[in-house]
Amino acid sequence: MKRCVFCLENGVLRADQILLRGKRVYACAPRGQLVEGFAAIAPYACVGSVSQLSRESVAELDEMVEMLGRFYRETYGCERWLLYEQGRGGGGLTVDPQDGFPIHTHLCALPLDIDLHAALAERFRSVSIRGTVDLANTVDGPYLYVERRDHKDRRDARLYLPSSPETRRELESSRVRPLVAALAGMPERGDWRDYPGDAELEAAVARFEAWQRVNVAPRR
Ligand SMILES: [Zn+2]
């Protein structure tokens, strides 16, 4: 099995890529910056989906989402941004069937205003929920979670669920990233191996650090 990218002890993510460290959850800027500011929020533990996290972990994850939203607004001038999680492991799957990497959940955050909902609604059954806080109570199989949030904290959070064995398999193996890249008008960035975005990564880390210095009180 391949090394898990999101298990920090594996050292795939460098220390400077970790933007926020909580007790149970952290936020990082991964390689493959589709756009500058692409972030992932993950638990330290190798858990397969946000729906399997404890309430405390989800609360911490929500705090980080909120902080990233402020960063997007104040740094990139975003009126609205996008969050998504590929809940491939929601039904207990632990290894990606296609690429053989461990499924370690991460909520993706992007300073992009695109309508992923419209693109998904025709393929899957969709359920409106309040946010990640509802995932544990609403789903116990593979899913896709998509949320658009704006600077007035209005949220459009929806869960996409399979409607047949075929769409269940699709949810367990699908990749949202190429779809996001296409909707954002950058289809060539759909696979991070084709577009690692290392310059954007360096810029995102520097800009987040600068923003944090001014806007966030130190924890100690
Ligand atoms: Zn892991």
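Helices (H or I, at least four residues) and strands (E, at least two) are DSSP runs, numbered from the N terminus. The structure described here is a predicted model, in which local features need pLDDT of at least 70, side-chain atom pairs count only at pLDDT 80 or more, and totals for chains, interfaces and linings use all residues. Residues are numbered from 1 along each chain as its sequence is written.

The chain contains six helices and eight strands. Read from the N terminus, these elements follow the order β-β-β-α-β-β-α-β-α-β-β-α-α-α. Along the principal axes, the C-alpha atoms occupy a box of roughly 50 × 40 × 35 Å.

The eight strands form an open sheet with antiparallel pairing, in the order β1-β2-β3-β5-β4-β7-β8-β6. Two strands are said to pair if DSSP finds at least two bridges between them. Because β1 (18-21) and β6 (125-129) stand at the edges with a single partner strand each, one side of each is left without a neighbour in the sheet. From one strand to the next, the twist averages 20°. Within the sheet, β2 (residues 25-28) and β3 (residues 39-43) run antiparallel and are joined by four bridges. Ala27 has Ile41 in β3 as its bridge partner.

Helix α1 (residues 55-76) lies across β1, β2, β3, β4 (80-87), β5 (107-110) and β7 (143-150), and runs at about 25° to β2. Such angles run from 0 to 180 degrees between N-to-C directions, with axes as lines fitted to C-alpha atoms, for helices over the stretch in contact. After α1 comes Gly77, with a positive phi near 70°.

A residue is buried if 20 or more other C-beta atoms lie within 10 Å of its own, exposed if 12 or fewer, and partly exposed in between, with C-beta atoms placed from the backbone. By this criterion, 39% of the 220 residues are buried. The buried residues of α1 include Leu61, Met64, Leu68 and Phe71. A nonpolar core is a set of buried Ala, Val, Leu, Ile, Met, Phe, Trp, Tyr and Cys residues joined through C-beta atoms within 7 Å. The largest such core has 51 residues, and those with the most contacts inside it are Ala27, Ala39, Ile41, Met64, Leu68 and Ala109. Helix α1 gives the most to this core, with eight residues.

Two residues are in contact if their C-beta atoms, placed from the backbone, lie within 7 Å. Residues up to four places away in sequence aside, Leu68 touches Ala27, Ala39 and Ala109.

Two further residues illustrate opposite surroundings. Glu85, in strand β4, is buried because 25 other C-beta atoms lie within 10 Å. Apart from neighbours within four places in sequence, Glu85 is in contact with Val50, Thr105, Leu107, Cys108 and Tyr145. Asp153, by contrast, is exposed, with 8 other C-beta atoms within 10 Å. Asp153 sits in the loop between β7 and β8 (155-161), and its phi is positive, about 65°, although Asp153 is not a glycine.
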